[in-house]
Amino acid sequence: MMPAARQPTVDPNALNDALQAAASRFGRLSDEQVRAMRHKRRTATAAVASASAAAVLALVGGPWLTSTPAVPAGWSREVATKAGQQGTLTLADGSTVRLNGATRVQVSYRGDRRTARLLQGQAFFDVRHDKARPFTVYAGAGQARVLGTAFDVDLTRRQVALAVYRGAVGFEPVGKAPGTVVRAGYRSAITGGVASAPARFDAALPDWRQGWIDTAGMRLDDLVEALDRQGNVRIARPAEPLASVRVLGRFRTDNPRQLLGAIGEGFGFTVREQDGRLSLEAAK
């Protein structure tokens with residue numbers, strides 16, 4: 001026969017702490033309320049104990065756990081990082097923008113619009129849902145429009161790349177049609193004014209925020225630009241025909257010289273270093 005289920009208990013000190021916290025935030029409880037709570041502690045069943053815990057959370061922490069921060073009528077920020085530097089900007093409504101190295105972002109809230117402009121680099125946006133105020137990101141020749149989602153935008157000289165981690169994003173060339181809807185676990189890119197069909201990727205794998213890059217067939221000059229953001233060493237942009245070489249794979253970004261050297265062995269170029277700067281030279 002199975003042993004009888006043990007009745008849950010509530011530590012008296014923990015209960016006293018909860019009572020004091022509630023009193024300081026909402027006013028002191030009456031003696032009758034205190035006696036009632038202590039009585040519940042002595043006679044609580046599992047169901048009652050669970051309900052009490054939920055009640056304490058709602059009483060002490062509820063207001064700031066569930067509410068959306070008030071957003072002023074006009075709000076704007078511009079932030080930038082240097083190569084090798086990352087940073088996070090918390091927006092007026094609690095949304096966040098994580099900036100990669102050598103990145104610059106402008107954000108403004110006006111009336112019923114939330115707008116961000118990625119002027120340079122790469123940023124990960126985690127946007128609070130607000131049906132009344134869409135959030136639009138402009139980056140180069142592309143724009144992404146959302147209500148609430150998490151996604152990454154990578155702006156290079158030749159393309160705007162989008163990867164969606166939660167929700168869905170409307171992605172389209174600025175002033176042109178058609179665009180596409182990119183859902184969680186998919187990515188797309190705008191090149192030459194055209195948005196590519198969304199392709200699946202594994203959003204659970206580490207990305208630039210953990211020191212990795214998934215090239216997904218990107219051009220070598222775009223890869224060099226992405227690596228240059230890390231700030232470990234400056235890298236000169238390669239000339240054609242090396243610039244248009246397509247690279248496919250997932251790589252660590254903490255040692256650009258080693259990575260480019262390994263890629264060079266397969267594509268016939270060498271990596272030279274002079275005055276703290278790397279350059280790529282086609283094999284003769």
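In the predicted model, the buried residues of helix α4 are Leu220, Asp221, Asp222, Leu223, Val224, Glu225, Ala226, Leu227 and Asp228. The helix spans residues 220-228, and because 9 of its 9 residues are buried, α4 is largely enclosed by the rest of the structure. Here a residue is called buried when its relative accessible area is under 20%.

Strand β9 (160-166) was examined in the same way. Of its 7 residues, 5 are buried, and β9 is therefore also largely enclosed by the rest of the structure. Strand β9 runs antiparallel to β8, to which it is joined by 6 bridges; in one of these pairs, Leu155 has Val160 of β9 as its bridge partner.

In soluble globular proteins, nonpolar side chains tend to be buried together. The largest nonpolar core in the model comprises 30 residues, and Phe125, Phe135, Phe151 and Val153 have the most contacts inside it. Two or more residues each are given to this core by β3 (96-99), β4 (104-110), β5 (113-126), β6 (135-139), β7 (142-146), β8 (150-155), β9 (160-166) and β10 (168-173). The largest share, 4 residues, comes from β5. Leaving aside residues up to four places away in sequence, Phe125 touches Thr96, Val97, Ala116, Phe135, Val137, Thr149, Ala150, Phe151 and Val153. Another core, of 20 residues, lies apart from the largest one and includes Leu220, Val233, Val247 and Leu278. Leu220 is also among the buried residues of α4.

The largest pocket has a volume of about 630 Å³. Its lining consists of 34 residues, of which Ala161, Arg187, Asp214, Thr215 and Ala216 lie nearest the centre of the pocket. Strands β8, β9, β12 (186-191) and β15 (212-214) each supply at least two lining residues, and β9 gives the most, with 4 residues. By residue class, the lining divides into 16 nonpolar, 9 polar and 9 charged residues.

How values were computed. Residues numbered from 1 in each chain as written. Predicted model: local features only at pLDDT ≥ 70, side-chain atom pairs only at ≥ 80, totals over all residues. Heavy atoms only, no water. Buried < 20%, exposed > 50% of the residue type's maximum accessible area, 1.4 Å probe, protein only. Core = buried A, V, L, I, M, F, W, Y, C linked by side-chain atoms within 4.5 Å. Contact = heavy atoms within 4.5 Å. 1 Å grid on protein atoms, 1.4 Å probe; cavity = no way out; pocket = protein on both sides within 12 Å on 5 of 7 lines; lining within 4 Å. Points joined across faces, edges and corners; volume = space filled by probe spheres on them. Nonpolar A, V, L, I, M, F, W, Y, C, P; charged D, E, K, R; others polar. Pairing = 2+ DSSP bridges.
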